[in-house]
Amino acid sequence: MQRTIVTACALFAAQIVTASDETAMLPWTVDDFVDQERATEWVLSDDGAFALWIKQTPDKKKDERVSALMLTDVAAGTHVKLTAGNVSASAPAFGPDGLRATYLSRRDPPPGEKPLDEEDAGSQLWQLDRRGGDAIQLTSIPGGVTSYAWCDDGSILLVARERRTRRELELLEKKDDTRVIEAEAPFRDEAKQLFRFDPKKRELKRVTKDYGPVEQFAASPNGRFVVALHAQSPSYEAEGVDPPRCLLHDLTNDSSVEVFADRKNRPRAFYWRPDSLGFYCIYPESTVDGEDSGAVFLVKHIDADSGDVTDVPLDWERGVNSPFVVTADGFVAGLADGVHRKLVRYHREVGGHRRQDVTGADAVR
């Protein structure tokens, strides 16, 4: 299972030649802030030897930022740019073999391939060998791919929309691009579902029933389970009614268990354990259920087989902040501490979790 490096910007910063003390003392200007380059979306290979990340660079002529896929040799401290041009890349990931790298991009298809119609354009899934060679376009799905995750068997779970409905086709024919906010028909027509994709056969198969559009998902490393938030109403964000359903899907027997069915607040993020036996989630705890704007973020553990939810005692009343990284025996988290965050490790043991403070110069930031 690949590991997302939430604090890996420090690795990147350590490789860069720092400015002189005199330059470093100069105050920042607005241009300095806008023109800065950024390193985001760090992903580390299983053996820790390589890292994929996104380098964001400002393009003053286009008045936007261009994101390029980068590869870092961790031991050597060298960086290689894997994508070129002014079409951005996002969502980097290593395949199970560690040699394949995938990402999402709206770049043009290879020569000889017919592009999708403009109204069907979207980010597609691309693959390349980290040792070199041209990128290969894996998908050509109308509407594009929203998000994806590799499974250990070499397949890919991805979120994409179904084919256009008759109502949509009629509107396209009339060239009617009117958008009605919070309308039920577009909400259902444009619903995005979860599919399993075979990159070798280029086959796509839907794996979720009509539980509602998939807003967010996380797959277990073995590819058996998927936890997903399924939207139920286009008015939830504004009205707070009909919250998304949080469902734990077992893809081996096509069964689903609803999690947090008795609550209106919904988890913000999911993090699977490497053994696929369960996952952690960040849950907003608030005085009034359903009003989580001022919530404290807690950690809960969900058992994959039963769907049972247990609280992870943090021994910290302010809750967690970023980063959050799952380990083989628990997780490392940043505890909210005003404008700072305190790094703490929690070891999973029989009967609960044991807290261990992380010490060092960078433990509190």
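H249 comes out at 3% relative accessibility, so H249 is buried.

Before going on, a word on the model: it is predicted, so local features need pLDDT of at least 70 and side-chain atom pairs count only at pLDDT 80 or more, while totals for chains, interfaces and linings use all residues. Residues are numbered from 1 along each chain as its sequence is written, and side-chain values use heavy atoms, with hydrogens and water left out.

## Who touches whom

Let's start with H353, which sits in strand β25 (residues 352-357); strands here are DSSP runs of E with at least two residues, numbered from the N terminus. Contact means heavy atoms within 4.5 Å. Setting aside neighbours within four places in sequence, H353 is in contact with Y280, V312, F331, Y346, H347 and R348. With Y280 there is also a side-chain polar contact of 2.8 Å. That term means a pair of N or O atoms within 3.5 Å; within protein, one must be able to donate a hydrogen and the other to accept it, and residues adjacent in sequence count only if both atoms are side-chain atoms.

H249 belongs to strand β16 (residues 245-250). Its side chain makes a polar contact of 2.7 Å with the side chain of S256. Not counting residues up to four places away in sequence, H249 touches several others, including T208, Y211, F225 and H230.

## The sheet around β25

Strand β25 is part of an open, antiparallel sheet of four strands, in the order β22-β23-β24-β25. At the edges are β22 (320-327) and β25, each pairing on one side only; two strands pair if DSSP finds at least two bridges between them. Inside this sheet, eight bridges link β23 (residues 330-337) with β24 (residues 340-349). V332, for instance, has R345 in β24 as its bridge partner.

## Nonpolar cores

A nonpolar core is a set of buried Ala, Val, Leu, Ile, Met, Phe, Trp, Tyr and Cys residues joined through side-chain atoms within 4.5 Å. The largest one has 15 residues, and V227, L248, F270, W272 and F279 have the most contacts inside it. Two or more residues come from each of β15 (225-230), β16, β18 (269-272) and β19 (278-285). A separate core of 14 residues includes I282, V299, L314 and A333.

Conventions. Buried < 20%, exposed > 50% of the residue type's maximum accessible area, 1.4 Å probe, protein only.
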